[in-house]
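Biologist: I would like to learn how to read helix packing and sheet pairing from a set of coordinates. Could we go through one example together, step by step?

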Amino acid sequence: MTSLSPALKQATPVIVDHAKGSWIYGTDGAEYLDFTTGIGVTSTGHCHPDVVDAARDQVGKIIHAQYTTVMHTPLLELTDKLGTVLPDGLDSVFYANSGSEAVEAAIRLARMATGRPNIIVFQGGFHGRTVAAASLTTAGTKFSAGFSPLMAGVHMAPFPYAYRYGLDERAAVEFAVRELDYLFKTRTAPNDTAAFLIEPALGDGGYLPTPPAFLDALRERADRYDIKLIIDEVQAGVGRTGRFWGHQHSAATPDIIVTAKGIASGFPISAIAASTETMSKAWPGSQGGTYGGNAVAAAAGVATLAVIEREGLVENARVRGIQLQAGLKAVQSRFPVIGDVRGIGLMQGIEFTTSDGQPDAETAAAVQKATTEHRLLTLTCGPEGNVVRLIPALVVTEGEISLGVERFEAAVATVTGAVPAGVPA
């Protein structure tokens, strides 16, 4: 009997029958509030009717129109629509299928555009699982172990992880900037450095927003040394943080932006955008791919962007994110096992620690499992595996956020066996 690879591990035991909005309906008849959204993919919720209609209509016209052979209308429409939300000056787009592919296209472009070999990444970053993308990933050794040698030319600098260092945000940023400047003196000279690659909020690295001051410092050094600033918006982009792009919480702008996940509500499509000047420095034949810019995925992308705009979902992510974080901080105040609650918009992380402040992966895993029992779907992340992450759809309602916090607190209480602090026994 054939089965799925044993290396694949299910975060929940749920087998889906169907889904709608923020809800997944299992074959067991249970209804689950989905705060995973396919790891931040179903931005407009499950099976938004506009996205379904767009995809269904496109399937009946043409499914696969390989876009370096023939062009198709959905990709032209998606490119026009993206132009209304991309940062100023990023007016040239290349499409692929996945975040990993787009990241690799971005670093390839940066190396070609600068003629330099090295890429600086930041501790805790996640950029994909393919060989080059995994070489750039420092969110955990599980993503890059066992298939060395990895791609050369990658150098890592500290990320300003204030909670881990026991610092306030300003001190953490000052430390990380000093270490970056030291890296220029010890590992990769500026004139050997093609690009910085960073997420505006760490994803698998622990749901840590990148401090705006740190992004600003990267932009200043990129300008000073002619280094390309690549911002990986695969998970934080498309409204998730309460701005359309996660980096827009700072004044910094990217030279190359990477997007995927939420841009097509579940259909596989990714892209990089840069200025025409930068993109024209890609060598002939360096960009392409059989399935990149698929017609059905592009049609879903056009519909997704239209829904986000029409329904005000970026603002909804901001408001509901404030509500979610406030609710989680209230839970934190009642359970000492929660060391930190942080995030931005609908991208919130809950870090579990022991009584002496050490990472507590065992409790985080138990809470994640218990949330499923309480009909709330969540995931873990972080190099230590001690962070539970909540990623609701951008369409999530006030009532669904309240219910999610209630179910999360119930899961924590189930695992700890404790009555929340301040609540009568």
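Biologist: At what angle do the axes of helix α11 (residues 313–334) and α13 cross, and within what distance do they come?

Modeller: Bear in mind first that this is a predicted model. The axes of α11 and α13 cross at roughly 20° and come within 10 Å, and since angles under 35 degrees count as roughly parallel, that makes α11 roughly parallel to α13. The crossing of this pair, α11 and α13, is right-handed.

Biologist: Which residues of α11 and α13 meet, and how do they divide into nonpolar, polar and charged?

Modeller: From α11 the contact draws on Arg320, Gln323, Leu324, Gly327, Leu328, Val331 and Arg334, which meet Glu398, Ile401, Ser402, Val405, Phe408 and Glu409 of α13. The residues of this contact comprise 6 nonpolar, 3 polar and 4 charged.

Biologist: How do helix α12 (residues 361–373) and α13 pack, in angle and in the distance between their axes?

Modeller: Here the angle is about 125°, with the axes of α12 and α13 8 Å apart, and the two helices are therefore oblique to each other. The crossing of α12 and α13 is again a right-handed one. On the α12 side the residues are Thr363, Ala366, Val367, Ala370 and Thr371, and they meet Phe408, Ala411, Val412 and Val415 in α13. This contact of α12 with α13 divides into 7 nonpolar, 2 polar and no charged residues.

Biologist: Which strands does α13 lie across, and at what angle does it run to β3?

Modeller: Helix α13 (residues 398–416) lies across β2 (23–26), β3 and β15, and its direction makes an angle of about 105° with β3.

Biologist: In what order do the strands of that open sheet come, and which of them stand at the edges?

Modeller: Strands of a sheet pair through backbone hydrogen bonds, either parallel or antiparallel. In this case 4 strands form an open sheet with mixed pairing, in the order β1-β2-β3-β15. The edges are taken by β1 (16–20) and β15, each of which has a single partner strand, so one side of each is left without a neighbour in the sheet. Strand β3 (residues 31–34) runs parallel to β15 and is joined to it by 2 bridges, with Leu33 standing opposite Leu376 in β15.

Biologist: Is Leu376 buried or exposed, and which residues beyond its sequence neighbours is it in contact with?

Modeller: Leu376, found in strand β15 (residues 376–377), has a relative accessible area of 0% and is therefore buried. Leaving aside neighbours within four places in sequence, Leu376 is in contact with Leu33, Phe35, Thr371, Gly404, Arg407 and Phe408.

Biologist: How many of the residues of strand β5 (residues 118–122) are buried, and which way do they point?

Modeller: In a regular strand the side chains alternate between the two faces of the sheet. In β5, Asn118, Ile120 and Phe122 point one way while Ile119 and Val121 point the other way, and 5 of the 5 residues of β5 are buried.

Biologist: Which strands pair with β5, and in what sense?

Modeller: Strand β7 (residues 193–198) pairs with β5 in the parallel sense over 3 bridges, with Asn118 opposite Thr193 in β7. Strand β6 (residues 154–157) also pairs with β5 in the parallel sense, over 4 bridges, and the bridge partner of Phe122 in β6 is Ala157.

How values were computed: Residues numbered from 1 in each chain as written. Predicted model: local features only at pLDDT ≥ 70, side-chain atom pairs only at ≥ 80, totals over all residues. Heavy atoms only, no water. Buried < 20%, exposed > 50% of the residue type's maximum accessible area, 1.4 Å probe, protein only. Contact = heavy atoms within 4.5 Å. Pairing = 2+ DSSP bridges. Axes fitted to C-alpha atoms, helices over the stretch in contact; angles between N-to-C directions. Parallel < 35°, antiparallel > 145°, perpendicular 65-115°, else oblique. Left-handed = near helix turned anticlockwise from the far one by under 90°. Nonpolar A, V, L, I, M, F, W, Y, C, P; charged D, E, K, R; others polar.
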